[in-house]
Amino acid sequence: MTDTTEFFEGIGPIRYAGPASDDPLTYRWYDADRVVAGRRMEDQLRMAVCYWHSFVWPGSDIFGEGTLDRPWNAPGLEPMAAARRKMAAAFEFFAKLATPFFCFHDRDIAPAGDTFAESCARLDAMVDEAIGHMERSGVRLLWGTANLFSHPRYAAGSATNPDPEVFAHAAAQVCHVLEATHRMGGANYVLWGGREGYDTLLNTDLVREEAQLARFLHLVVEHKHRIGFAGSILIEPKPAEPAKHQYDHDAATVAGFLARHGLEGEVLVNLEGNHATLAGHSFHHEVATAVATGVFGSIDANRGDPQNGWDTDQFPTSVEECTLVLYEILADGGFTTGGINFDTKLRRQSVARDDLFHGHVGAVDTMARALLAAASLLESGALADRKTARYAGWDEPLGARILGGSATLADLHRLVLDEELDPTPDSGRQELLENLVNRHVERTR
Ligand code: XUL
Ligand code: CO
């Protein structure tokens with residue numbers, strides 16, 4: 001039976017109230033029906049709440065236990081009754097926040113059973129429960145994923161495990177969750193490989209592990225086509241944590257891996273802000289690189305903390321940073337199957353139940369305001385015009401000869417000698433361009 005307790009009494013639904021609103025539980029920028037760059041804001045941003053940090057995580061860290069007020073995680077309940085209660089809380093939250101999507105791992109929504117068969121049966125029952133909630137609330141699934149990192153069997157990796165029986169187990173689990181995602185009408189399926197890497201090279205065969213990972217992805221892609229899943233398969237790059245080194249390090253590494261193994265066009269990336277920081281990149285860099293290499297799919301919008309070097313998964317608050325990210329996405333034509341998942345968690349001291357709303361309301365408004373600034377920047381054409389002018393030489397005869405392959409190294413040697421070529425540097429105008437971006441961020445209403 002579906003739990004009918006109201007967990008967030010007196011809150012929501014969160015409504016648009018305009019930039020002058022001082023009520024912290026209203027949207028000042030997110031106006032779902034407002035058309036921006038040709039689409040409703042809701043359809044342009046495709047925002048999702050993640051199940052795990054918001055409804056599963058109790059506020060524990062490696063030094064301490066849970067701190068958060070999470071009455072849906074009532075101890076002592078039978079595991080499936082507890083799962084139903086947690087799901088009722090989650091869907092109440094999604095509907096009250098009024099964002100269109102959510103994301104989940106199999107283990108977030110259904111407890112593992114004693115056998116693989118029991119785990120599958122429990123997941124199927126909770127998928128049915130979720131479909132009921134989705135039909136009633138209109139909330140949709142941005143992506144599903146399998147947890148291939150918590151169970152001890154995956155300590156040495158799932159696809160990249162030295163034991164093929166573990167590979168088989170991971171394949172069986174992904175097969176089941178991919179089919180569940182399909183049944184729920186999910187727009188994407190994500191693979192995050194936290195354990196696909198190594199802790200020491202002393203016991204690791206890099207050649208074998210790369211071949212195993214490629215084989216695994218081919219199996220997933222084949223199965224996607226077999227069952228008629230129309231969504232995208234996405235890899236979520238991260239350089240480290242929990243593995244010391246993770247194979248899907250960043251967007252460029254994944255693009256190279258896909259090309260090496262004939263997976264181009266079949267697998268895209270889900271890029272996370274905090275993972276970019278951990279890789280020594282900006283979020284902007286990761287998105288621009290994925291667009292440039294043809295692997296862009298979706299994003300997990302969160303941020304790290306410059307004072308520490310781990311995945312803090314904080315709510316996004318920088319309009320400027322998100323403007324640059326959304327500018328690249330809009331310039332590429334906007335999201336197709338992808339969207340914005342808030343893979344965000346509260347601070348451990350944010351113990352009040354409504355802190356979950358404050359975190360998300362701020363994140364939604366940050367993305368909405370960034371969308372307005374990105375659209376204004378794109379519409380002005382200023383950055384694109386500057387880039388076109390900067391590379392104009394490449395459309396002239398010399399550039400065309402070089403890129404067309406008709407000029408040899410020796411030809412260019414002769415050309416520089418004969419014509420005494422002596423190019424003068426042009427200003428890169430970085431400061432002017434940074435100020436231009438800021439003007440769009442400041443003025444957008
Ligand atoms: C871990 C992470 C995951 C993925 C889904 O850093 O980001 O939550 O988003 O497995
Ligand atoms: Co993530």
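Analyst: Ligand 1 takes up the space of the largest pocket. A pocket is an open set of points on a 1 Å grid over the protein atoms alone, where a 1.4 Å probe fits and protein lies on both sides within 12 Å along at least five of seven lines; a molecule sits in it if more than half of its atoms lie within 2 Å of its grid points. The model is predicted, so local features need pLDDT of at least 70 and side-chain atom pairs pLDDT 80 or more, while totals for chains, interfaces and linings use all residues. Residues are numbered from 1 along each chain as its sequence is written, chains are lettered from A and ligands numbered from 1 in written order, and side-chain values use heavy atoms, without hydrogens and water.

The residues around ligand 1, with a heavy atom within 4 Å of it, include Trp52, Trp143, Trp192, His275 and Asp311. By class, this shell has three nonpolar, two polar and six charged residues; Asp, Glu, Lys and Arg count as charged.

Polar contacts are pairs of N or O atoms within 3.5 Å. Polar side-chain atoms of His105 and Glu236 each lie 2.7 Å from an oxygen atom of ligand 1, and for Lys238 the distance is 3.0 Å. The protein buries 94% of the 290 Å² that ligand 1 exposes when taken alone, by the Shrake-Rupley method with a 1.4 Å probe.

The structure also holds 19 aromatic pairs, in which ring centres of Phe, Tyr or Trp (its six-membered ring) lie within 6.5 Å. Phe55 and Phe93 form an edge-to-face pair (planes over 60 degrees apart), because their ring centres are 5.6 Å apart and their planes stand at 65°. This pair links distant parts of the chain, with Phe55 in helix α2 and Phe93 in helix α3, 38 residues apart; helices are DSSP runs (H or I) of at least four residues.

Turning to the backbone, most peptide bonds are trans, and most residues other than glycine have a negative phi. Gly12 and Pro13 are joined by a cis bond with omega about 0°, and Pro13 is in the segment before β1. A cis bond also runs from Glu241 to Pro242, with omega near 10°; Pro242 is in the loop between β8 and β9. Glu420, although not a glycine, has a positive phi of about 50°, and is found in the loop between α15 and α16.

Methods: Polar contact = N/O pair within 3.5 Å; in protein donor to acceptor, adjacent residues only side chain to side chain. 1 Å grid on protein atoms, 1.4 Å probe; cavity = no way out; pocket = protein on both sides within 12 Å on 5 of 7 lines; lining within 4 Å. Phe/Tyr/Trp six-rings, centres within 6.5 Å; stacked < 30°, edge-to-face > 60°. Helix = DSSP H or I, 4+ residues; strand = E, 2+ residues; numbered from the N terminus.
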